[in-house]
Amino acid sequence: MAEAKVLSGAGLRGQVAGQTALSTVGQAGAGLTYRGYDVRDLAANALFEEVAYLLLYGELPNKAQLAEYQARLKTLRDLPQALKEVLERIPANAHPMDVMRTGCSVLGTLEQELNFDQQRDKTDRLLALFPAVMCYWYRFSHHGVRIDCTSDEDTIGGHFLHLLHGKKPSELHVKVMNVSLILYAEHEFNASTFTARVCASTLSDLYSCVTAAIGSLRGPLHGGANEAAMELIERFQSPQEAVTELLKMLERKDKIMGFGHAIYKESDPRNEVIKGWSKKLADEVGDKVLYPVSEAIDKTMWEQKKLFPNADFYHASAYHFMGIPTKLFTPIFVCSRLTGWAAHVFEQRANNRIIRPSAEYTGVEQRAYVPIEKR
Ligand SMILES: CC(=O)SCCNC(=O)CCNC(=O)[C@H](O)C(C)(C)COP(=O)(O)OP(=O)(O)OC[C@H]1O[C@@H](n2cnc3c(N)ncnc32)[C@H](O)[C@@H]1OP(=O)(O)O
Ligand SMILES: O=C([O-])CC(=O)C(=O)O
């Protein structure tokens, strides 16, 4: 069971920076809850669209509401022509998180949020269209193909895989994408969500809040860790090699991406879920290297440092087994976390005061201005 750390020190650790009714992280009883529901229950039983509805609209939908919501999202998937043209100008060597950030920002110029009454509609549009932003750019820049940005897939995860691979995904892969999107959806005052809330607190528009949040998620200490974890595990040919090299890395005090957490102390409740699905996918593809290497790193990190895999570590192998290019791992996180970011923006707007903490000054004492000729 996840246990909260004793929180103190730099990085605003341990300081309550606001209120939320959206999630709890690291509290006794359940490691992670969304509006009171244990994330493990949601991952086992719900559709991501149900979870998005829960976060954005306040309660789980009934059958009719869910069907209506999924049908509505399906109608919002296509990209405006002007956005396609911008995406076509972004080079293949751009970071896909920069593509997402730009895509969000450009959409904000084309379909502006003119007042806060539009916040849910604008969020639904982003939710429906983000997979196409990533896949349209990827397929055009890497394969020279202008893809159709719509599909008949009912779920966002299935739609993403369909656009990426250009064909209907398997049931197993749609299931894993659904679970993954649920696990990544919301996580209290993490860095990217806090970024979104700071931006919202100035009464800025939704696209600015989401664009800013994407920038924060991009870094390897946050969302970028799933890509960094993949780069780590694919370096090794065997569990033995992984352990030998990992020990050297620890000796050098390297950061091992996909391990540790700012709030959880002993485990990240999302890890056991995605680890299980990664194992199923490993069996499906007959993997004899990546999953055993991941497990060897997992075991060694615990033995050596008492550090545990966070949500990102086994996501790396799971995504890889579904044929997803490593560079698209963090953009998938965006497609999911958008729900948490937007729900926090709504919450901030509903009870707002501009977020403006103070700094402890560590500079020189006050002094007289020295004219330039005397310096
Ligand atoms: C979905 C997510 O965003 S989950 C987070 C994804 N990020 C990563 O996986 C990046 C790797 N992990 C890390 O960098 C950190 O664990 C963070 C950023 C997640 C949390 O940072 P903090 O709260 O500052 O970590 P914490 O206070 O627990 O660190 C304690 C000690 O463990 C070390 N440590 C923590 N994580 C790691 C790691 N992954 N590898 C090696 N050492 C680590 C720290 O360097 C620190 O050592 P020190 O006391 O000698 O300086
Ligand atoms: O809460 C954090 O600091 C990071 C994290 O796990 C997340 O955002 O999912």
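The buried residues of helix α10 are L206, Y207, C209, V210, T211, A213, I214 and L217. Here buried means under 20% relative accessible area, exposed means over 50%, and partly exposed is in between (1.4 Å probe, protein chains only). Helices (H or I, at least four residues) are DSSP runs, numbered from the N terminus. This is a predicted model in which local features need pLDDT of at least 70 and side-chain atom pairs count only at pLDDT 80 or more, while totals for chains, interfaces and linings use all residues. Side-chain values use heavy atoms, without hydrogens and water, residues are numbered from 1 along each chain as its sequence is written, and chains are lettered from A and ligands numbered from 1 in the order in which they are written.

Helix α10 covers residues 206-217, twelve residues in total, and reaches 16 Å from its first C-alpha to its last. That is close to the 16 Å expected at 1.5 Å a residue, the expected span being 1.5 Å times one less than the number of residues. At the start of α10, the backbone nitrogen of Y207 has a side-chain oxygen of D205 within 3.2 Å. The buried residues of the helix pack against α5 (96-110), α6 (119-143), α9 (191-200) and α16 (329-350), where contact means heavy atoms within 4.5 Å. One of the residues in α10 is T211, which is buried at a relative accessible area of 17%. Leaving aside residues up to four places away in sequence, T211 touches R101, C104 and S105.

A316 lies in helix α15 (residues 313-321) and is buried at 0% relative accessibility. Not counting residues up to four places away in sequence, A316 touches N226, A229, M230, I233 and F329. Between A316 and S294 there are 9.4 Å in space, C-alpha to C-alpha, and the two are 22 residues apart in sequence.

The structure holds eleven aromatic pairs. Rings of Phe, Tyr and Trp (its six-membered ring) pair if their centres lie within 6.5 Å; planes under 30 degrees apart count as stacked, over 60 as edge-to-face and the rest as tilted. Two of the pairs share Y57.

| Pair | Centre to centre | Angle between planes | Class |
|---|---|---|---|
| Y53 and Y57 | 4.8 Å | 20 degrees | stacked |
| Y57 and Y69 | 5.6 Å | 75 degrees | edge-to-face |

Y53 and Y57 are both in helix α2 (residues 48-57), four residues apart, about one turn of the helix. An α-helix has 3.6 residues a turn, so residues three or four places apart point the same way. Y53 is buried at 14%, whereas Y57 is partly exposed at 29% relative accessibility. Y69 is buried, at 0% relative accessibility. Elsewhere, ring pairs link F259, Y291, F313 and Y314 into a cluster.

The charged end of R120 sits over the ring of Y57, 5.6 Å from its centre. Such a charge is NZ of Lys or CZ of Arg within 6 Å of the ring centre and within 35 degrees of the ring normal. Likewise, the charged end of K280 sits over the ring of W277, 4.5 Å from its centre.

Ligand 2 is surrounded by H187, N190, H222, H261, R270 and R337, each with a heavy atom within 4 Å of the ligand. An N or O atom in the side chain of H187 is 2.7 Å from an oxygen atom of ligand 2. A polar side-chain atom of H261 lies 2.7 Å from a ligand oxygen atom, and one of R337 lies 2.7 Å from a ligand oxygen atom.

Note on methods
Helix = DSSP H or I, 4+ residues; strand = E, 2+ residues; numbered from the N terminus. Polar contact = N/O pair within 3.5 Å; in protein donor to acceptor, adjacent residues only side chain to side chain.
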